Amino acid sequence: MPGHILAYTASLLLGILAQAVVLLQPQLSGALIDGVQQHKAIVLIAVQLGILFILGAVLTAIQQAILGTIGEKSLYSIRNSMVDKFFRMSLLDREQKPPAWYSQRVSNDAALIKSVPSQFLSLVQGIILIVGSGPIGTKRVVLGSVCGFGCVLVRVWCWGI
């Protein structure tokens, strides 16, 4: 588990850096437009903007690769644990529900648990983006992000996963 915490922390830091890069892009875009309108040399600004786009894409790709790897490892251990518990159940307990219910439960519950850390990281990144970009539409976006993450947590808590 400490490896997961380290990986999620690294992913969070990469997400923060990616959001910082995204927040710099409108400033350079504005300078690029101003340079075109004033007939100034824009090559340096265009190169900087291109570097920011590429850097943002690379940071996001690394973050998603880390999240995907850790998520799949977690998902594998969760599914193994659930299947082990299924096989340790008595035959009478097992036959109370149809076989499809157990299969569906293993798939849905494990996938739901896998989504919680990435939902949390998306919430943090969204808040950073909102705070960095100004007051336009902040209430609606924050409310939507919090509600989405809250729904996932409520489903995990209610199902007793």
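Close-up 1. V47 belongs to helix 2, which covers residues 43–88; helices are DSSP runs of H or I with at least four residues, numbered from the N terminus. With a relative accessible area of 46%, V47 is partly exposed, because buried means under 20% relative accessible area, exposed over 50%, and partly exposed in between (1.4 Å probe, protein chains only). V43, V47 and I51 make a nonpolar surface patch of about 290 Å². This is a predicted model, in which local features need pLDDT of at least 70 and side-chain atom pairs count only at pLDDT 80 or more, while totals for chains, interfaces and linings use all residues. Residues are numbered from 1 along each chain as its sequence is written, and side-chain values use heavy atoms, with hydrogens and water left out.

Close-up 2. Q19 lies in helix 1 and counts as buried, at 11% relative accessibility. Leaving aside residues up to four places away in sequence, Q19 touches Q125, I128 and L129, where contact means heavy atoms within 4.5 Å. A31 also lies in helix 1 (residues 2–37), but A31 is partly exposed, with a relative accessible area of 29%. The C-alpha atoms of A31 and A46 are separated by 9.4 Å, and these residues are 15 residues apart along the chain.

**Close-up 3. K97 over the ring of W101.** K97 lies over the face of W101, at 4.8 Å from the ring centre; a charge sits over a ring if NZ of Lys or CZ of Arg is within 6 Å of the ring centre and within 35 degrees of the ring normal.

Notes
Helices (H or I, at least four residues) and strands (E, at least two) are DSSP runs, numbered from the N terminus. Patches are made of residues with over 30% relative accessible area and no salt bridge: like charges are joined within 9 Å, nonpolar side chains (Val, Leu, Ile, Met, Phe, Trp, Tyr) within 5 Å. Accessible areas come from the Shrake-Rupley method with a 1.4 Å probe; for residues, only the protein chains shown count as cover. A salt bridge is a side-chain nitrogen of Lys or Arg within 4 Å of a carboxyl oxygen of Asp or Glu.
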